[in-house]
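Please open the model in your viewer and colour it by chain, so that each stop on this tour can be selected in turn.

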Amino acid sequence: MKKKNHGKNTSGKKRIVLFLGKNVLHAILLIAGVSVVTFFLVIQSPIDPLSANVGQAALGAMSEAQLEQLKEYWGVDTPAFTRFLHWAGDFLRGDMGVSLLYRRAVSDVIGEKLVNSLLLMVTAWVTSGLLGFVLGVIAGANTGKWQDKLIKGYAVLTASTPAYWIGLLLLLVFGVWLQLFPVGLGVPIGVASEEVTMLKRLHHAVLPALALSITGASSVILHTREKLAEVMECDYMLYARARGEKKTQMIMGHGIRNILLPAMTLQFASIGEIFGGSVLIEEVFSYPGLGQAAVSAGLGSDIPLLMGITVISALLIFAGNMTANILYGVIDPRIRRGGQRL
Amino acid sequence: MRKPSWNQRAKTLWAAAGILLFFLLVVIGGSFCAKRALVSDFSAVNCPPGRAHLFGTDWLGRDMFSRTLRGLSISVLLGIGTAAASAGIALILGILAAMSKRLDAIVSYLIDLVMGIPHILLLVLISLAVGRGLKGVVIGVMVTHWPSLARVIRGEILQLKEQPYIAAAKKLGKGPWGIAVCHMLPNVLPQFLTGMILLFPHAVLHESSITFLGFGLSAEQPAIGIILSESMKYLILGNWWLAVFPGAFLVILVLMFQYLGESLQRFFDPAGFHR
């Protein structure tokens, strides 16, 4: 018996290496696919980057030589395949190219914007996760009662509401009517960047973060509610009640253990949605984050920047999914054992 | 025999009929408002909601009620079209994935790929690739909403394949096409229909989002996304009606479709037949 267990453990380690290796390979394949698809979608575009950025009138007034220079700068005449090879080669060496709109290295632009966006996204991710879980537990423990109806109604309503409209409403109520929060931009206008305090920066991030958190909670609420309601019907819950446990005791002791894991997985898998929401919310609040940069890169045909942002966000999503997979094994002993048997 | 009381099924049917009627009214009303939504009247600029203009007017004096109705009808038509097309893609890919291991690997790679890029960003990219405008929205929404339904259909068919009656049909000499049409299709049809209706809310929300960002419908169209993005400049002046009504009606539209899809789901669930 003991010997058998030992054998299982060593093969377990191998499995972990195999599991990680498989995930990394998967990531590489996926990122390669994402960059190929992205690049050829952007290249495909019939929108002329010159007239989009310079303007038709200005173009007409330019000399041939100037036009040639511009064309070279925006890469109009280079064949798509060569451009992709150039881009991919540089990317592998860690060089993401130069943003055509910002005239700075893409990695610099993304780094700066990502910090701003992360402030929003992490806040929203944590609050929506915690809030969603707590509300979901309350609803699931009281299925059919008014608390449940209220919370479910909230979740369904926010799931059907476009994130940017919630942003507009918050802007209207808190920014325009109550004037508690500034109406836009990440920092106050007319103040040197060194003088912007962390407090001011946070003040500007409150409304966008709130808007993101409000819309982000609905899927966790609905999922947690469903799962807990299911768990409450189980035989061991009936037994716990027969033993005389109180409802809170039952939920804390048996309920949460059984629903925490799927909720966490869901939350890790929702990084893509939070990112998508932040694109819209940043646009509403003119918050200088990654989403806004992506929109201006898209509108201005800034291919290197758009590529960089897409690949980085795909990496973020993948990291979220992989963390969820790993967490499953770490937290739930049953799955760990099951994985070894497979 | 007693007259049967109103059970869940009857209620669902009536609600569905009511919702469909509402959509019909929106579409018809929207087509009547198409011209009025674009007419500007400089004698009535920035009017708050009142008797003459139910939802107020914007800075060009355009009637917001007409614009909202027109925008909703655009949303309904686009949403139904794109959701149906996306569900069609899901059905085809789901069936393909259930056919062989290799096809399954290809389809699941495609699913991972589509889900690996943030949805909004993918819509932006596709919209760019086809040159923005109506075409950009339609194609973008169509080719990005199928993964979840394709997964459901794939799972359903894999499960069906193990059923004894499929094996019996095979032994009786039915070809793969015969089995697919006679036995598989009727079984996945409910999933397909509810999945299609539940795709609609996503399609509509994404359509309006991408339009809001400036990659979708052109600015002359009174789509909800355009109306809301234009309203941003005037919110600071306190013109709340520009944003509140169009958005609220979009939410109501989406909620109705969500309800329709969920009650249809219950309708098709054999265990809940008598509820």
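Begin by selecting the contact between the two chains of this predicted model, to which chain A brings 44 residues and chain B brings 40 residues. About 3,700 Å² is buried between chain A and chain B, and carbon and sulfur atoms account for 81% of that area.

Next, pick out Ser160(A), Tyr164(A) and Trp165(A), which together supply 16% of the area that chain A buries against chain B, more than any other three residues. If you then look for polar links across the contact, you will find five residue pairs in polar contact between chain A and chain B, while the number of salt bridges between them is zero.

Now move to the largest nonpolar core, which has 119 residues, and select Phe285(A), Ile309(A), Leu213(B) and Leu228(B), the members that touch the most others. Helix α8 (residues 176–213) of chain B gives the most to this core, with 13 residues, and at least three residues come from each of domain 1 (16–92) and domain 2 (106–338) of chain A.

Centre the view on Leu228(B), whose contacts beyond four places in sequence include Tyr164(A), Trp165(A) and Leu168(A) as well as Phe212(B) and Leu242(B). For a last stop, select Phe133(A), Met237(A), Ala240(A) and Ile251(A), which are among the twelve residues of a second, separate core.

Methods
Residues numbered from 1 in each chain as written. Chains lettered and ligands numbered in written order. Predicted model: local features only at pLDDT ≥ 70, side-chain atom pairs only at ≥ 80, totals over all residues. Heavy atoms only, no water. Core = buried A, V, L, I, M, F, W, Y, C linked by side-chain atoms within 4.5 Å. Buried < 20%, exposed > 50% of the residue type's maximum accessible area, 1.4 Å probe, protein only. Helix = DSSP H or I, 4+ residues; strand = E, 2+ residues; numbered from the N terminus. Domains from an automatic or database assignment. Contact = heavy atoms within 4.5 Å. Buried area = accessible area lost by both parts, 1.4 Å probe. Salt bridge = Lys/Arg side-chain N within 4 Å of Asp/Glu carboxyl O. Polar contact = N/O pair within 3.5 Å; in protein donor to acceptor, adjacent residues only side chain to side chain.
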